[in-house]
Every structure is written in C-alpha cells, then in structure tokens.
Amino acid sequence: SVIAAAIHDYGDKRVVTAVTFTRKMGLMGSGKLVASDPIDLSEKVGPHAQRVIVDGHGESVIVATADGRVHYFFWNGSEFDHRQSFVPFEGAADPSIATIDYILGEVSLAITGKTGANDVWSLYVKPGTDNRQFGRIHQLEPLPSSPTCFSANVRNKAFVVGAPKDLSLRFSTTAAVRWQDSISYDPQQIAITGKYDKIVVAGSDQKLHHYKVVDPHPETSWKGLFGKVWYEGYSEPRYIWQSTGGTDDFEPKLSMINLIAGTLKGTFYAMLFAVPIALLGALYTSEFMHPRFKVFLKPTVEVMASLPSVVLGYLAAQWLAPLIEFRVPALLGMIIFIPLSAMVFGYIWTGMSPSVRSKVKPGHEFLVFLPILLLVGFLCWEGSGVIERVLFAVHTPNGTVGDFKQWWKAFSDVYPDQRNSLVVGIMMGFAVIPLIFTISEDALSNVPKALRSGSLALGASRWQTAFRVVLPTASAGIFSALMIGLGRAIGETMIVVMATGNTPIIDFNIFNGMRTLAANIAVELPEAPEFGTLYRTLFLGALLLFLMTFVVNTAAEIIRQHLREKYKTV
C-alpha cells in the first residue's frame with residue numbers, strides 16, 4: 001500500500017486528509033491501483049496544520065502545526081492510529097517549527113525551530129510502551145537565525161540547513177556540525193547531491209550557488225569512535241560496533257570501546273588461566289623437581305609454544321567448546337578440589353615419618369601425587385551431574401533439576417554460549433603458558449646457588465628459600481615473562497576469531513563472547529572498501545593495538561629495571 005496526504009484550505013480552516021492506494025498482486029501480474037476514501041485527520045490535528053510528511057514505506061503521516069506541535073499517525077492496515085503528539089521545542093521562547101523532514105532511512109526527523117534550535121527525533125520503543133514513538137536523540141548546535149530551507153542526503157545521515165546569511169552541513173549520527181559558514185545572501189531553496197559532493201543553493205540574489213563538499217568520513221569523530229552514541233532505533237546512547245547492514249540506509253556504528261573491552265577481556269581470562277599454572281610450574285621445576293625430569297619437561301613445554309595458533313583455534317572451536325559446554329560444573333570442581341587435594345597431600349606427606357618419606361627420592365615426590373591428581377580430575381569430570389544437582393539446582397514446573405545453564409541464566413540474565421570467554425581463556429592460556437614458563441624457569445634457575453645455600457644454612461626450609469629468596473631475586477625476569485605473555489595474549493588473533501563467536505559487546509561475563517582489536521581486523525579487512533571509512537577505522541584499531549602493547553612494554557621495562565636494581569645480588 002501507498003499513502004498520500006495533503007492540507008486543504010477551506011476559508012479560515014485547514015483540513016488534513018490522507019488517502020491509501022493499494023494494488024493486488026497475482027499470478028497474472030499486478031492489478032489496478034485502488035484508492036480509498038479520503039480520511040480526515042483534522043479532528044486530532046486541529047485547524048492549524050502547517051506541514052505534512054509521508055514516509056516512503058507507506059506507514060506513517062507526520063503533521064506539524066503552527067503552534068509547534070507534531071502529530072504522528074501510523075497506518076495499521078485499516079485506520080490511522082494517532083500514536084503520538086509532541087512539541088519538539090517546548091519551553092522555548094518561540095516553539096514554532098521552521099523546517100521538519102526525514103533524513104535517510106525515514107526513521108528520524110530533523111527538526112529546526114524559529115529560534116534556530118536543531119534537534120533530531122527518532123522512532124524507538126520507549127520503556128512501558130509496545131509501539132515505536134518519537135523521542136529526541138540529538139540536540140545539535142543552534143543556528144544563528146531561523147532556518148528557511150532544508151535538504152537531506154540520500155547516501156548517509158547528513159543534511160544541510162539554510163538560514164538567512166548562513167549555511168550549515170550537519171551529520172545526524174554524531175550530532176556534529178561538519179561545516180558552517182556565513183554567506184552574502186538569503187537561501188531560498190537548497191539541495192545536496194546524491195554523491196555527497198556538492199551543495200546547490202538558490203539564493204535571494206536570483207543566482208544558483210555551488211559549494212563543493214569534501215567530507216569522505218562524516219561518520220567518524222571522537223564521539224563516534226570513543227563515546228556513547230544514540231543510534232536510531234535504540235532507547236539510549238550506547239557503545240556499538242556494527243560496520244555493515246542489510247540496507248542502504250544503514251547507520252554505521254564504529255565504537256572502538258567495544259573492541260578495546262573485548263581485547264582486555266580476552267587477555268584477562270587468558271592470563272588468569274595461564275599465570276598460576278606457568279609460574280607455579282616454573283617454580284616447582286626449578287626448585288623441587290629432580291634434574292633428570294627437568295631435562296625432558298622443559299623442552300616439551302617449549303615445543304608447545306611452536307603450535308600454530310590456527311590449530312589451537314580449531315581445537316578450541318571444534319573440540320574444546322562442545323566438550324565443556326555441559327561440563328562447566330566439572331571444571332569448577334577441578335579448580336577447587338585439585339589445589340585442595342594438593343595441599344592436603346602436602347600436609348599429610350610432611351607429617352609422615354622420615355623412614356616412609358626416604359623411600360621416595362628427593363625431586364620424585366610428584367610421581368606419588370600424580371595418581372591422586374588424575375583420580376581427583378576423573379571424579380570431578382564424572383561427577384559433573386552430581387555437582388550440578390547439588391549446587392546449581394533450578395525449580396521447574398516438573399520439579400527441581402540440576403541445570404547449570406538455566407541457573408546461570410537466572411543468576412546473571414545471560415544464557416551461556418558454547419563459544420565463550422572460558423573457552424578462549426583456556427586455549428589462549430595454553431598458548432601463553434610455554435612463554436611464561438620458559439622465561440620464568442630460566443630466571444629462577446639463574447639465581448646464584450650461593451643464595452640458596454646461605455638461606456638453607458641459616459635454617460630456612462626449601463619453601464621459605466623459594467618464596468623469600470629465589471622469587472624476589474628472579475622477580476625482574478619473572479615480570480618480563482609475564483609481560484611477554486601479556487603481549488602474546490593481547491595480539492592473539494586466530495584463537496579469538498574461531499572460538500568466541502566474534503560478538504562485539506561490552507560484557508565481562510565469562511560465558512559470553514567478545515571481539516578483540518586483532519580479531520576485528522582479521523574479520524573486517526577483507527570486506528572493507530579500500531580507503532573507505534571502515535578501512536581507515538581498522539587501521540586506527542591496529543594503531544590502538546600497537547599503542548596498548550607499547551604502553552604495556554614501556555611500563556614493564558621501567559618496572560623490570562626497578563626490580564632488577566632492588567634485588568640485584570652483586
């Protein structure tokens with residue numbers, strides 16, 4: 001269906017009428033265009049209608065009145081529903097409307113007032129309502145005088161406004177004034193070309209004036225890239241990354257905050273998984289393990305660092321994610337019970353008589369604990385259902401059942417995805433562990449033996465020596481290992497691309513995905529038009545990634561030098 005509306009003058013009264021046109025489509029082609037009877041909208045509008053606008057979708061009619069009120073009618077298929085009436089410049093000295101028209105997409109109205117005010121009102125679902133209504137989403141810089149003409153671009157959300165002795169080019173998404181200048185005439189009519197490269201103005205001097213537009217990236221600004229923006233259709237300003245859409249009137253959303261947050265989130269969970277395992281493993285290998293095992297263990301761990309990240313990403317997406325999707329309680333049980341069993345074993349072992357402990361050679365103790373470790377891990381894995389029923393029970397119409405996913409949904413309002421930050425943290429942590437382990441173990445092994453011998457000679461235990469003498473002395477090297485691992489985690493691409501779902505959201509929930517700066521470049525660059533806005537934004541993302549690693553490495557070097565100076569042994 002198509003809608004047409006008009007204002008008719010009958011003496012001192014103005015009448016607004018609307019007509020719908022329908023055409024039936026059949027197998028033999030389209031039928032005749034049939035017009036409905038005129039529908040009078042004046043009862044709701046009043047006698048002072050000033051301007052009427054019909055959207056190109058054939059859904060709505062906008063009527064502006066002389067007193068500054070805007071009426072919104074929606075065609076529901078049988079009648080015009082008067083959904084809203086509002087005054088855009090309520091409270092102003094003169095609330096009258098100077099110009100009102102749709103911008104590209106016909107979801108938002110650019111409205112100017114007699115005082116020069118310029119607002120953008122957009123359709124969205126307000127809290128407590130079921131239908132979309134207009135709400136103010138942008139307040140642009142006022143013009144110096146009352147506007148007289150308006151033109152919206154058909155390529156993007158830009159529009160140009162003319163006022164006496166003034167022209168202004170503006171962009172709705174970022175609420176920015178892209179260009180504004182004083183002129184020597186009063187504009188009567190104005191138009192901006194479809195290619196967004198020229199403005200043509202018919203002036204009061206009876207001349208056509210041409211202005212060249214050089215504004216290739218109007219969507220970008222400090223606010224558009226790093227600030228909250230109120231986009232069309234949303235009920236509040238948000239950080240959003242959505243570079244492409246399904247229609248030509250799509251509004252690009254290029255917030256870098258989502259990608260920075262995703263980078264920090266992935267790095268945090270990877271380091272949370274990797275650092276305890278790598279550091280404690282390096283400490284045990286250096287201080288307690290027999291050299292015979294160290295000869296085989298360290299090269300094995302170093303070989304892990306050579307695994308291609310694309311292989312790890314494939315394993316994370318196709319093997320690990322489905323494996324742990326319904327076994328999260330088992331992982332939580334391992335996190336709790338494996339360290340607990342190690343502490344209990346250590347306590348019992350130290351309490352045994354020397355005659356029993358002497359049967360195990362120094363440096364071979366882990367062989368005794370290894371079966372216990374495997375047994376505890378097996379029991380946690382097989383007992384996942386029991387843990388789920390005990391700790392993560394949910395009430396359903398059929399009774400109480402153990403369901404971690406439903407429990408987490410009720411707890412955090414987020415249903416766990418199969419590919420999430422937990423999967424990334426485990427697999428990316430697996431990639432980072434060899435770096436941290438190798439460098440930390442080298443730093444610990446290079447601590448002079450005289451320090452260990454002196455500590456032991458003074459009565460310190462091996463644990464006291466390791467934690468109070470060896471660790472502080474090797475702290476500079478250990479810190480370097482952490483920073484190298486952090487740099488690897490920040491710049492990781494393939495694991496994140498393949499195992500997260502690439503959802504560019506700001507959410508530190510471990511069971512949600514994310515998109516990092518590195519992954520975003522890999523995903524978006526093949527589809528980015530060369531030298532276009534998205535193309536340049538991706539290069540900005542690469543620059544931000546470099547700056548993040550540069551700042552981290554610079555700070556790390558300063559701290560490392562401080563630690564080296566503080567704990568130097570010469």
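Q: Helix 3 and helix 17: is the crossing right-handed or left-handed?
A: Right-handed. The call is right-handed if the near helix is turned clockwise from the far one by less than a right angle, and left-handed if anticlockwise.

Q: What kind of model is this, and how are residues numbered?
A: It is a predicted model, in which local features need pLDDT of at least 70, side-chain atom pairs count only at pLDDT 80 or more, and totals for chains, interfaces and linings use all residues. Residues are numbered from 1 along each chain as its sequence is written, and side-chain values use heavy atoms, with hydrogens and water left out.

Q: Back to the pair. Where do helix 3 and helix 17 sit, and at what angle do they cross?
A: Helix 3 spans residues 256–287 and helix 17 spans residues 533–566. Their axes come within 11 Å and cross at roughly 40°. Each axis is a line fitted to C-alpha atoms, for helices over the stretch in contact, with angles from 0 to 180 degrees between N-to-C directions. Helices are DSSP runs of H or I with at least four residues, strands are E runs of at least two, and both are numbered from the N terminus.

Q: What do you call that orientation of helix 3 and helix 17?
A: Oblique. Under 35 degrees is roughly parallel, over 145 roughly antiparallel, 65 to 115 roughly perpendicular, and the rest oblique.

Q: Which residues make the contact?
A: From helix 3, Met 256, Ile 260, Thr 263 and Leu 264. From helix 17, Thr 537, Leu 540, Gly 541, Leu 544 and Met 548. Contact means heavy atoms within 4.5 Å.

Q: How many nonpolar, polar and charged residues in the contact of helix 3 with helix 17?
A: Six nonpolar, three polar, no charged. Ala, Val, Leu, Ile, Met, Phe, Trp, Tyr, Cys and Pro count as nonpolar, Asp, Glu, Lys and Arg as charged, and the others, Gly among them, as polar.

Q: Ser 255 next. Where is it, and is it buried or exposed?
A: Ser 255 lies in the loop between strand 23 (253–254) and helix 3. It is buried, with a relative accessible area of 0%. Buried means under 20%, exposed over 50%, partly exposed in between, using a 1.4 Å probe and protein chains only.

Q: What does Ser 255 touch, residues up to four places away in sequence not counted?
A: Gly 224, Leu 225, Tyr 239, Ile 240 and Trp 241.

Q: New topic: helix 5. Where is the kink centred?
A: On Ala 316. The kink in helix 5 (residues 309–324) is about 40°. The bend is the angle between axes fitted to the seven residues ending at a residue and the seven starting there.

Q: Which residues of helix 5 are buried?
A: Ser 309, Leu 312, Gly 313, Ala 316, Ala 317, Leu 320, Ala 321 and Ile 324.

Q: What covers the buried residues of helix 5?
A: The cover includes helix 6 (328–351), helix 11 (421–445), helix 14 (475–491) and helix 15 (494–499).

Q: Lys 298: buried or exposed?
A: Buried, at 14% relative accessibility. Lys 298 is in helix 4 (residues 291–304). Leaving aside neighbours within four places in sequence, it contacts Phe 437, Thr 438, Glu 441 and Asp 442.

Q: Which loop holds Asp 413?
A: The one between helix 10 (404–412) and helix 11. Asp 413 has a positive phi of about 65° although it is not a glycine. At 61% relative accessibility it counts as exposed.

Q: And what is phi of Phe 531?
A: Near 65°, again positive in a residue other than glycine. Phe 531 sits in the loop between helix 16 (517–524) and helix 17.

Q: On to strands. Which strand has Trp 179?
A: Strand 18, residues 176–182. Trp 179 is partly exposed at 29% relative accessibility. Its C-alpha is 5.0 Å from that of Leu 169, ten residues away in sequence. Not counting residues up to four places away in sequence, Trp 179 touches Leu 167, Ser 168, Leu 169, Ile 199 and Tyr 211.

Q: Ile 137: buried or exposed?
A: Buried, at 8% relative accessibility. Ile 137 lies in strand 14 (residues 132–140). Beyond neighbours within four places in sequence, it contacts Ser 108, Val 120, Ser 122, Tyr 124 and Trp 230.
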